[in-house]
Amino acid sequence: MTKAFHSSGDVIADRRAGYARMLADGGDHAAAADLLVQALDIVPDWAAGWDMLGLYCEKAGDVSGAISAWRHLEALDDEGVFGAGLKLAAHGASQAADGTAVSYVEALFDQYAPQFERSLMDKLGYRVPEMLDDLVNAEMARLGIDSFARALDLGCGTGLMGQRLRAKAAFLEGIDVSAAMIAETARKGIYDSLQKAELVAALIARRADADLITAADVFIYCGALPPVLAALAPALRPGGLVAFSLEAHDGPEPLFLRPSLRYAHGVDATRDALVVAGLEVLRFEMAVLRFDRGAPISGILIVARRPPLDLSAANDGQDGGDVAA
């Protein structure tokens, strides 16, 4: 993410950074980087400037220059809002963390919220909510489920998934880490309840009360899948469904961090994680999730179930007789 332009506090540095942005917009990223270096000579503690310099160096093909800029940025950005650690990890310059970079993801979507739907739908061919909803509908028909008493939409964003769930859920909750996203979807009146929270913490705090949990393109920002599923499975009622998407790769690694700063999960490792979490896989389908710079992004669409309680087992003795109450 490149943050929206933040003033350095110095007029001359801001002017040079403004010229650098103009050059970058015109495609001359090397010249833009040179101007940013001049600005940072004046204001060496300007975090947003180092973030822009890293981006311009990267686009100019100067990866070592980008890594150097992000190392400066990492030292200045204690909260991790600019995602310097992720950018270094994506370029092999550090180790990626297993969990969500919460400050970075929150800042990313706070900035992205106003144009979120337009970018996804018009530019990226995004159909994940529609595809997940089709799979959920198919499983509802197969299992004889008419509706859900309580559904939970993780990473609800602007409600693209929620608007498809609304008719099938008596009570619909949305959780998102971004206050700006929550504000955008609140205007639509889709959800009965909206909560700003980090999703794993929110799941851990719940009891087993959800009949359906969805996460459309959410776990791609969460890192390792097992801790997420370990928090999610107990939040489902027995027999409850979960539907989510992942970006996928075919390698042996459970996951790796792409240059897009989204995680791709291994197909086999994902199956294993579902089994370890005690979830029964109902649907596991490969699909194109969206396009990124014209290239298709392959992923996995999953519907799983927390196994229903077997009430008959409590009434059957080993020899077929009744168990004494």
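In the predicted model, 10 of the 13 residues of helix H3 are buried, so this helix is largely enclosed by the rest of the structure. The buried positions comprise Ala-47, Ala-48, Gly-49, Trp-50, Asp-51, Met-52, Leu-53, Gly-54, Tyr-56 and Cys-57, and the elements that cover them include helix H1 (11-25), helix H2 (29-42), helix H4 (63-76) and helix H5 (84-90). Helix H3 itself runs over residues 47-59 and reaches 19 Å from its first C-alpha to its last, which is close to the 18 Å expected at 1.5 Å a residue. After H3 comes Gly-61, with a positive phi near 85 degrees.

Gly-223 counts as buried because its relative accessibility is 1%, against a cut-off of under 20% for buried residues. When residues up to four places away in sequence are not counted, Gly-223 touches Asp-98, Leu-255, Tyr-263 and His-265. By contrast, the C-alpha atoms of Gly-223 and Asp-146, which are 77 residues apart along the chain, are separated by 34 Å.

Two aromatic pairs are present in the structure. One of them is formed by Phe-109 and Tyr-221, whose rings lie 5.3 Å apart centre to centre with 90 degrees between the planes, an edge-to-face arrangement. This pair links distant parts of the chain, as Phe-109 belongs to helix H6 (residues 102-112) whereas Tyr-221 is in the loop between S4 and H12, 112 residues apart. Phe-109 and Tyr-221 are both buried.

The pair of Phe-219 and Phe-244 is tilted, with 5.1 Å from centre to centre and 55 degrees between the planes. Here, too, distant parts of the chain are linked: Phe-219 is placed in the loop between S4 and H12, and Phe-244 in strand S5 (residues 236-249), the two being 25 residues apart. Phe-219 is classed as buried because its relative accessible area is 1%, and Phe-244 is likewise buried, with a relative accessible area of 0%.

An arrangement of a charged side chain and a ring is found at Arg-271, which lies over the face of Phe-284 at 3.8 Å from the ring centre.

Note on methods:
Residues are numbered from 1 along each chain as its sequence is written. This is a predicted model: local features need pLDDT of at least 70, side-chain atom pairs count only at pLDDT 80 or more; totals for chains, interfaces and linings use all residues. Side-chain values use heavy atoms; hydrogens and water are left out. Buried means under 20% relative accessible area, exposed over 50%, partly exposed in between (1.4 Å probe, protein chains only). Contact means heavy atoms within 4.5 Å. Rings of Phe, Tyr and Trp (its six-membered ring) pair if their centres lie within 6.5 Å; planes under 30 degrees apart count as stacked, over 60 as edge-to-face and the rest as tilted. Helices (H or I, at least four residues) and strands (E, at least two) are DSSP runs, numbered from the N terminus. A charge sits over a ring if NZ of Lys or CZ of Arg is within 6 Å of the ring centre and within 35 degrees of the ring normal. The expected span of a helix is 1.5 Å times one less than its number of residues.
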